[in-house]
Amino acid sequence: MRTGLQGGLCALVGLLLGLCSCGGPGIREGPNARSPVPHISGDPPLAAEVGRTYWTHFKGGYSCASGVCFRLDPVVLPAGATLSNASKSLLWMPRPDQANTLQVCTVRTPPDALGESATYSWTVTVAPAPAITGFAATPALIDPGSTAQLSATFTGGTGRVDGLGPIQSGVPLDTPQLTLDTPFTLRVVSPLGTEVTQTTTVRVTPPPVIATFAPVPDTIAFGGTALLVWSVSDGTTLHLDPGGLDLTGRTAFAVSPPSDTTYTLTASNGTGHQIQATTTVHVIPPPQIRGFSVPPAATAPNEPVKPDLLQSLSQNPRAPRWERRGVSRQEGEMNIVGLRDSSLTPPGTHAFPGIIRHRDAPRRPSPRVPDSASRRRVGARCGAPCVRREGRCQAGAPRRQR
């Protein structure tokens with residue numbers, strides 16, 4: 001009688017408080033002494049995690065028409081939980097909206113022949129799943145031999161960085177000095193053993209290098225074009241001055257300067273390192289005539305013309321030439337032609353026309369030069385005190401003969 005009373009009280013307390021677990025079967029007295037007292041036993045986990053399967057198994061029994069039976073009926077179960085009588089177990093996957101809550105679970109057996117039943121209750125604490133909301137290196141790009149800081153934010157567990165040790169959410173962790181690109185993996189483990197990971201990489205970049213920077217060709221004619229060609233490594237951005245042109249990703253650029261121009265190429269990487277190289281494109285200007293005159297202003301027909309030419313041909317290795325065209329008795333033309341070097345592109349000439357004017361004038365007779373016979377006749381007429389010396393009559397005594 002005492003044992004039956006204890007079983008009844010246990011069931012009553014279990015129904016009212018949901019805190020009683022009736023373990024093994026009780027012993028009845030009297031006519032029903034052989035009927036087992038309804039009972040439920042189990043060891044359900046008291047902690048659950050969002051997104052992680054929760055499972056627990058039960059044992060027990062009660063008297064029924066066929067002898068001893070065991071079946072469970074749900075009294076209070078969390079949303080989404082299912083109770084299986086085939087396996088005598090409870091299966092549940094906590095949802096995100098159940099995180100950080102207490103979930104009460106209560107199951108019981110059906111009433112036996114005496115109207116008695118067993119009840120089992122327990123409370124489960126639901127924790128959120130571990131989550132990593134951020135994991136990054138500052139800076140993510142460093143120079144060889146420098147360090148970076150790893151920052152992580154996470155919930156639902158404890159954090160650890162492979163190769164470095166524990167890390168707290170929101171507290172930076174320094175890396176050692178790095179010479180190569182290095183990946184770091186963060187692991188966050190919940191109290192129930194669920195693990196989530198995330199990886200970030202610290203990249204190590206050397207300073208940029210400009211291997212070559214030169215124009216092709218380095219000397220051009222006025223109006224010509226040169227191609228600036230370069231080879232750069234480890235440079236993330238490229239700029240060309242003058243002009244502040246962004247040439248990132250390019251390896252050549254055409255220029256056509258009006259005069260000698262020095263160009264500066266600046267390469268920089270993500271860490272702020274910069275390097276510069278310069279080159280000069282030389283420009284040969286076109287020939288220029290600063291002055292042009294033909295003295296005298298007028299000449300006799302067919303008389304040679306000698307122009308007075310003043311000019312400036314800076315850096316031009318080829319001297320100009322002048323030529324006379326169509327000189328007539330009245331007037332003519334004369335071109336002053338400046339030649340460019342034939343090796344330049346494009347080759348060509350510059351012509352500057354001028355006008356030569358002539359005046360009609362009587363032809364002046366050419367002076368007559370006496371021949372040798374005339375010289376002898378002139379010498380024969382020389383008389384004393386004149387003598388013939390060197391083909392001419394000269395005063396003085398004749399030279400003695402040795």
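Me: Is Cys-105 buried or exposed in this model?
Reply: The model is predicted, and the accessibility is computed from it. Buried means under 20% relative accessible area. The relative accessibility of Cys-105 is 0%, so Cys-105 counts as buried.

Me: And Cys-64: buried, exposed or partly exposed?
Reply: The limits are under 20% for buried and over 50% for exposed. Cys-64 has a relative accessible area of 24%. That value falls in between, so Cys-64 is partly exposed.

Me: Which cysteine forms a disulfide with Cys-64?
Reply: A disulfide is a covalent bond between the sulfur atoms of two cysteines. The cut-off for calling one is 2.5 Å between the sulfur atoms, and the count comes to 1 disulfide. Its sulfur atoms are 1.7 Å apart, and the partner of Cys-64 is Cys-69.

Me: Which residue in E7 is the bridge partner of His-57?
Reply: Strands of a sheet pair through backbone hydrogen bonds, either parallel or antiparallel. E3 and strand E7 (residues 89–92) run antiparallel, with 4 bridges between them. The bridge partner of His-57 in E7 is Ser-89.

Me: Which residue in E3 is the bridge partner of Ile-40?
Reply: Strand E1 (residues 39–42) is joined to E3 by 4 bridges, and the two run antiparallel. Ile-40 has its bridge partner in E3, and that partner is Gly-60.

Me: Where does Phe-58 lie, and what is its relative accessible area?
Reply: Phe-58 is part of strand E3 (residues 54–64). Its contacts, not counting residues up to four places away in sequence, include Ile-40, Phe-70, Leu-72, Leu-83, Leu-90 and Val-107. Phe-58 is buried, and its relative accessible area is 1%.

Me: How far apart in space are Phe-58 and Asp-43?
Reply: In sequence, Phe-58 and Asp-43 are 15 residues apart. From C-alpha to C-alpha, the distance in space is 7.7 Å.

Me: What kind of aromatic pair do Phe-58 and Tyr-120 form?
Reply: The whole structure has 5 aromatic pairs. For Phe-58 and Tyr-120, the rings are 5.9 Å apart centre to centre, with 70° between the planes. Planes over 60 degrees apart count as edge-to-face, so the pair of Phe-58 and Tyr-120 is edge-to-face.

Me: How many residues apart in sequence are the parts tied together by that pair?
Reply: Phe-58 and Tyr-120 are both buried. Phe-58 lies in strand E3 and Tyr-120 in strand E9 (residues 119–127). The pair therefore ties together parts whose separation in sequence is 62 residues.

Me: Which residues do ring pairs link into a cluster with Phe-58?
Reply: Tyr-120 and Trp-122 are among the residues that Phe-58 touches. Ring pairs link Phe-58 into a cluster with Tyr-120 and Trp-122.

Terms used: Residues numbered from 1 in each chain as written. Predicted model: local features only at pLDDT ≥ 70, side-chain atom pairs only at ≥ 80, totals over all residues. Heavy atoms only, no water. Buried < 20%, exposed > 50% of the residue type's maximum accessible area, 1.4 Å probe, protein only. Contact = heavy atoms within 4.5 Å. Phe/Tyr/Trp six-rings, centres within 6.5 Å; stacked < 30°, edge-to-face > 60°. Pairing = 2+ DSSP bridges.
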